[in-house]
Structures are given as structure tokens and as C-alpha cells.
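Student: I would like to learn how to read a structure that is new to me, one feature at a time. Could we begin with a single pair of residues and widen the view from there?

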Amino acid sequence: MWFMNGAATTPTGFGNVAPTWIIEGVGDFNGDTREDILWRDSSSGAMSIWFLNGVAVTGGAFGSITSNWVVEGLADFNGDGRDDILWRNSSTGSMSMWFMNGLAVTGGAFGSISSNWVVEGTGEFNGDGRQDILWRNTTTGLVSFWFMNGQAVTGTNNVALSNSWTIEAVGDYNGNGTDDIIFRDAAGNLAAWYVNGASITGASLGSLSTDWVINPGG
């Protein structure tokens with residue numbers, strides 16, 4: 001782990017893990033305002049969380065899931081201050097949500113969606129304090145926002161977009177408290193959608209050579 005202070009770094013080791021264990025993402029799963037590590041054993045499907053306080057680790061195993069379930073996002077979908085796990089079954093398209101309280105899991109299945117829809121990210125798109133799901137139709141290019149309250153989809157917003165544009169990043173780029181989207185086309189042109197629920201305004205951001213890759217920051 002590199003503890004950052006501007007450009008100054010303090011690299012610190014904090015353990016070892018078998019190579020079958022892969023990191024599925026990071027999130028605050030116990031509500032202590034520190035990011036934790038979500039692990040999954042690629043051979044058995046066992047799940048584990050490392051609760052972090054600097055390089056001090058607590059936590060451990062909390063269940064298992066079969067390999068056809070894929071983690072699509074880690075975000076606070078029910079507004080309780082803890083990040084949850086969004087799952088999708090790669091075989092059936094079924095969706096599931098695990099609401100996390102430390103290592104305790106509630107929630108479960110909440111619908112399904114066809115394979116031509118992919119999750120492009122999660123974000124707080126309507127200002128209600130809960131994270132939402134950003135979808136894209138790989139056939140038509142259609143972008144769809146699912147506004148979430150736990151497992152309930154309280155509304156949607158579907159917006160047409162040419163397949164020549166790809167979604168590069170999600171974040172609050174205009175400081176209004178709701179997340180926005182950065183797009184890029186094959187020529188390197190960049191554009192933004194400033195999102196506030198059903199209201200979307202667009203803006204051109206110029207262009208960037210295609211040898212530059214956008215790596216969204218936290």
C-alpha cells in the first residue's frame with residue numbers, strides 16, 4: 001500500500017495472499033469511512049473482506065458464490081453509508097444485490113436483463129443520496145440510468161447515443177452533487193453529460209490523442 005501525501009509516497013507491505021485470490025474491488029463495507037478490500041477465491045468462489053485501518057487488517061470470510069456470478073459494481077445502493085455489492089449472472093442475466101454491514105449480508109435477487117445490456121458504472125445521478133446503475137445497450141448504443149432505492153428501481157432515464165462513442169468515466173465533474181459521464185469517440189474527441197436526474201446537458205471537452213488512456217480517479 002502506498003500512503004499518499006500529494007506526490008510523496010510511503011510504501012508499506014501488509015501481508016500475503018494466495019494467487020487464487022483476486023481483488024474484486026474496494027469499498028467501505030463496515031461504515032468506518034475507510035476503504036476495505038473485497039477478495040474472491042477464483043477456485044472455490046469463497047468471498048472475504050479485509051477491513052483496513054492503514055495496514056492493520058481485520059475481517060475474513062463471509063460466504064461464497066459460483067463463478068457465473070460477476071461483480072458489476074460496489075456502491076451504496078440503499079443509503080446506509082456502507083457500500084454494497086451488485087452481482088450479475090453471466091449465464092442468465094439475473095441481478096442480485098448484497099447489502100453489506102461488515103461481514104453480514106442481506107438482500108438478494110431483484111430481476112434480470114438481457115445480455116446485450118452491460119453495466120458501464122455506478123453513480124449518484126439523481127441527488128437522493130443513493131447510488132444508481134448506468135447501463136449501455138451494446139446493439140443500439142442506448143444509455144439507461146436506473147435510479148435505485150436498495151433493490152427497487154424508482155425510475156429510469158433512457159438516452160440515445162451513437163455506438164461511435166464509448167463511456168470512459170463517471171464522476172461529479174461540475175460540483176453539483178450528482179455524477180456525470182465522460183465520453184470519447186474513436187478520433188479522440190471528448191464530451192461530457194452533466195446529469196441531474198432526468199435533466200442532462202452536454203458539452204464538448206475538446207480532443208485527446210488516442211495514445212492517451214483515461215484512468216478514472218477516486
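Tutor: Let us begin with A192, which stands opposite A203 in strand 18. A strand here is a DSSP run of E of at least two residues, a helice is a run of H or I of at least four residues, and both are numbered from the N terminus. Two strands pair if DSSP finds at least two bridges between them. Before we go on, please keep in mind that this is a predicted model, in which local features need pLDDT of at least 70 and side-chain atom pairs count only at pLDDT 80 or more, while totals for chains, interfaces and linings use all residues. Residues are numbered from 1 along each chain as its sequence is written, and side-chain values use heavy atoms, with hydrogens and water left out.

Student: How many bridges join strand 17 to strand 18?

Tutor: Strands of a sheet pair through backbone hydrogen bonds, either parallel or antiparallel. In this case strand 17 (residues 189-196) runs antiparallel to strand 18, and eight bridges join them. Another bridge partner to look for is S207 in strand 18, which belongs to N189. The two strands form a hairpin with two residues between them, and G197 in the turn has a positive phi of about 65°.

Student: Is T33 buried or exposed?

Tutor: Buried means under 20% relative accessible area, exposed means over 50%, and partly exposed lies in between, with a 1.4 Å probe and protein chains only. T33 has a relative accessible area of 73% and is therefore exposed. G59, in strand 6, is exposed as well, with a value of 52%. Leaving aside neighbours within four places in sequence, G59 is in contact (heavy atoms within 4.5 Å) with I49, F51 and L103.

Student: Why is strand 7 described as largely enclosed by the rest of the structure?

Tutor: Strand 7 (residues 69-75) has seven residues, and five of them are buried, so this strand is largely enclosed. Six bridges join strand 7 to strand 8 (residues 84-89), and the two run antiparallel; L86 in strand 8 is the bridge partner of G73.

Student: How many aromatic pairs does a search of the whole structure find?

Tutor: A pair of aromatic rings is described by the distance of the centres and the angle of the planes. The search finds eight aromatic pairs, where rings of Phe, Tyr and Trp (its six-membered ring) pair if their centres lie within 6.5 Å, and planes under 30 degrees apart count as stacked, over 60 as edge-to-face and the rest as tilted. One of the pairs is F145 with F147, which is stacked, at 6.5 Å centre to centre and 10° between the planes. F145 is buried at 0% relative accessibility, and F147 is buried at 7%. Elsewhere, F14, W39 and W50 form one aromatic cluster.

Student: How many helices and strands does the chain have?

Tutor: The secondary structure comes to zero helices and 18 strands. Of the 218 residues of the chain, 41% count as buried.
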